[in-house]
Amino acid sequence: MTTPSPSVRSAAIDELDLRYAHLRLMCPPQLARVRRWVERETVCPPVLASDAVVEGKLVLVDGFKRVEVLRELGRTEIAVRVLPLDAVAAQAAMLSTNAAQRGLSALEEGLLV
């Protein structure tokens, strides 16, 4: 069985469904670090969203800090990598996409589990 390759497209930041934002902590030092990185880079890597948690909506799975910083900077569009993840798979993806860079605190991991 093959996994469909994710599509990357542009989306309006305000149209992203942030239902999982409460599972991520937005501490000011981390947001400041992401802000410096975004301001320095010319291209922001796509955030991850699912189009299968809720039909007709792009539910943000990874990239909450980037979305918050871009919104603060007045940006209205963001590149989004879209995967057809159901609610359980979306939350599992939150764990797996952040595992490599230790992007989740112990509290955030506990909230997800």
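These legends describe close-up views of a predicted model.

The model is predicted, so local features need pLDDT of at least 70 and side-chain atom pairs count only at pLDDT 80 or more, while totals for chains, interfaces and linings use all residues. Residues are numbered from 1 along each chain as its sequence is written, and side-chain values use heavy atoms, with hydrogens and water left out.

**View 1. The whole protein chain.** The protein chain has four helices and five strands. Helices (H or I, at least four residues) and strands (E, at least two) are DSSP runs, numbered from the N terminus. Along the sequence, their pattern is β-β-α-β-β-α-β-α-α. Of the 113 residues in the protein chain, 35% are buried. Buried means under 20% relative accessible area, exposed over 50%, and partly exposed in between (1.4 Å probe, protein chains only). Take the contacts (heavy atoms within 4.5 Å) with a separation of 6 or more: 77% of them join residues 24 or more positions apart.

View 2. Helix α1 covers residues 28–40. Its 13 residues should span 18 Å at 1.5 Å a residue, and its end C-alpha atoms are 18 Å apart, which agrees. The expected span is 1.5 Å times one less than the number of residues. Which residues of α1 are buried? Leu31, Val34 and Val38 are. They cover an arc of only 65° around the axis, which puts them on the same side of α1. The arc is that of the directions from the helix axis to the C-beta atoms. An α-helix has 3.6 residues a turn, so residues three or four places apart point the same way. On the other side of α1, Pro29 and Arg40 are exposed.

**View 3. Where α1 meets α2.** Helix α2 (64–72) is part of what covers the buried residues of α1. The axes of α1 and α2 come within 9 Å and cross at roughly 70°. That makes α1 roughly perpendicular to α2, a term for angles of 65 to 115 degrees. Axes are lines fitted to C-alpha atoms, for helices over the stretch in contact, and angles run from 0 to 180 degrees between N-to-C directions. Among the residues that meet are Leu31, Val34 and Val38 in α1, and Arg66, Val69 and Leu70 in α2. In α2, the buried residues include Phe64, Val67 and Val69. Just after α2, Gly74 takes a positive phi of about 85°.

**View 4. Trp37 up close.** Trp37 lies in helix α1. It counts as partly exposed because its relative accessibility is 28%. Leaving aside neighbours within four places in sequence, Trp37 is in contact with Cys44, Pro45 and Arg66. Trp37 and Arg66 are 29 residues apart in sequence and 9.6 Å apart in space, C-alpha to C-alpha.

Key. Parallel < 35°, antiparallel > 145°, perpendicular 65-115°, else oblique.
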